[in-house]
Amino acid sequence: GHCRLLCKPSALAQHLVRNLGRSAALRGGRWPWPRWPQLQMLQQLLQLPEPEPVVARELLQLSDAGLVALDWLVGPWGAAGGGGGVSSPVLLLIPNAAGKVTEGLLQLGLRALERGFIPVIFNRRGHNGCPLTTPRLQPFGDPGDLREAVTYLRCRHPTASLLAVSEGSGSGLLLAYLGESGSSSRLAAAACLSPIFCGRDWFEAAMPWLYEWPLLLHLKQGLSRYAGSLAEAVDMDRLLGSRSLRELEESLFCRTRSRPTSWEVYWERNEPLRDADEAAVPVLCLCSADDPVRGPPARSLPMELFRSSPYFFLLLTPRGGHCGFPRRAPGRCWGHEAVLEYFRAMAEFLRTEERRKGLPRPR
């Protein structure tokens, strides 16, 4: 499919090139809409999953009494949270920043379930039906809640490998977590599908209305359920009257009643790559050159990061849209296959390194 893997040369990079090069998912993929990635994006946002997978929801109480929801995908391969066995890898799925669980994310979870993973969806405070028990939501790049969720998953599955994959703007949360946590992230590997690397630039740029308006309406619909509790913290009239994702983000996190801040200071604390140099977990970023949401590669892809860091890998394809990567097969996304192949190759590489160095497996 004319993909390129851009990264700093290393033994791990060579291993990924060999394994991804042999992957059938990256061969002969045809882009159904070569000139209209916006149509693919609209279909992805509006199409409902058929059939909708069954999930078992678990509410996790955080240190400040807030709640996040963990949705364990359930299928004929095992019970909720029990997937393929005691030490099967746990795959944490992170939706976009609006909390919308797309059909693509669910399909990735089901494909992972078929292959013996234990997939679980992370839902932020107030997103996707998660009760809002505190008058605050999670900022774009604040990984505090995600850190507590990862700690809980480690306690629940102490012998399993923890993996994470994010979709679209949800990658801002995962990238910020990896940078802040460094070698203490508890993750073995991570992947980002069509990530947004520069949060402020993305909010300030003119986004396609086919993407912005459905997500804006989705967010307003969810926030309107908590109008009473949020009213003490934010101006709900301004919030629900927002005409762009930027206006809504400013209303939620900058123009608050108790601790107002500026747009500039907000992004100093929430840019996804602010601590990227501290990341110590391999991250595969799957991006397409024609992504209408992220913007042109020349200004939206941090090429220097992939050249200098041994942990960041960019799999760049000329066509694929935003989180789409479709091929001519019903219900198939070659991006999902590439991510699962990447996780398999990573596990193989780590096992080889442990045997070579004689390192004990972490307990």
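These legends walk through several close-ups of one predicted model.

Local features are described where pLDDT is at least 70 and side-chain atom pairs where it is 80 or more, while totals for chains, interfaces and linings take in all residues. Residues count from 1 along each chain as its sequence is written, and side-chain values rest on heavy atoms, with hydrogens and water left out.

View 1. Helices here are DSSP runs of H or I with at least four residues, strands are E runs of at least two, and both are numbered from the N terminus. Of the 363 residues in the protein chain, 55% are buried; that label means under 20% relative accessible area, with exposed being over 50% and partly exposed in between (1.4 Å probe, protein chains only). Take the contacts (heavy atoms within 4.5 Å) between residues at least 6 apart in sequence: 77% of them join residues at least 24 apart.

View 2. Two strands count as paired if DSSP finds at least two bridges between them. Strand 7 (residues 189–193) and strand 8 (residues 283–288) run parallel and share 4 bridges, and Cys192 has Cys285 in strand 8 as its bridge partner.

**View 3. Strand 4 and its partners, strand 5 and strand 6.** 5 of the 5 residues of strand 4 are buried, so the strand is largely enclosed by the rest of the structure. Val90, Leu92 and Ile94 point one way, and Leu91 and Leu93 point the other way. Strand 4 pairs with strand 5 in the parallel sense over 4 bridges, and Leu91 has Pro119 as its bridge partner there. The chain gets from strand 4 to strand 5 through helix 3, in a right-handed β-α-β crossover: with the strands pointing away from the viewer, the path from the first strand over the helix to the second runs clockwise. Strand 6 also runs parallel to strand 4, joined by 5 bridges, and Leu91 stands opposite Leu163 in strand 6.

**View 4. The largest nonpolar core, 39 residues.** Such a core is a set of buried Ala, Val, Leu, Ile, Met, Phe, Trp, Tyr and Cys residues joined through side-chain atoms within 4.5 Å. Leu92, Leu178 and Leu187 touch the most other members. Helix 5 (residues 171–181) supplies the largest share of this core, 5 residues. Leaving aside residues up to four places away in sequence, Leu92 touches Val120, Phe122, Leu146, Val150, Leu153, Leu163, Ala164 and Val165. A second, separate core has 36 residues, including Leu286, Leu315, Cys333 and Met346.

**View 5. Salt bridges, 20 in the whole structure.** The cut-off is a side-chain nitrogen of Lys or Arg within 4 Å of a carboxyl oxygen of Asp or Glu. Arg57 and Asp71 meet at 2.8 Å, N to O, linking strand 2 to strand 3 (residues 67–74) across 14 residues of sequence. Arg57 is partly exposed at 38% relative accessible area, whereas Asp71 is buried at 4%. Arg111 and Glu337 meet at 2.7 Å, N to O; Arg111 lies in helix 3 (residues 103–114) and Glu337 in helix 14, 226 residues apart. Both Arg111 and Glu337 are buried. Asp291 and Arg294 form another salt bridge, their closest N and O atoms being 3.6 Å apart. Asp291 is buried at 3% relative accessibility, and Arg294 is buried at 5%. Shared partners join Asp64, Arg125, Arg136, Asp142 and Asp145 into one salt-bridge network.
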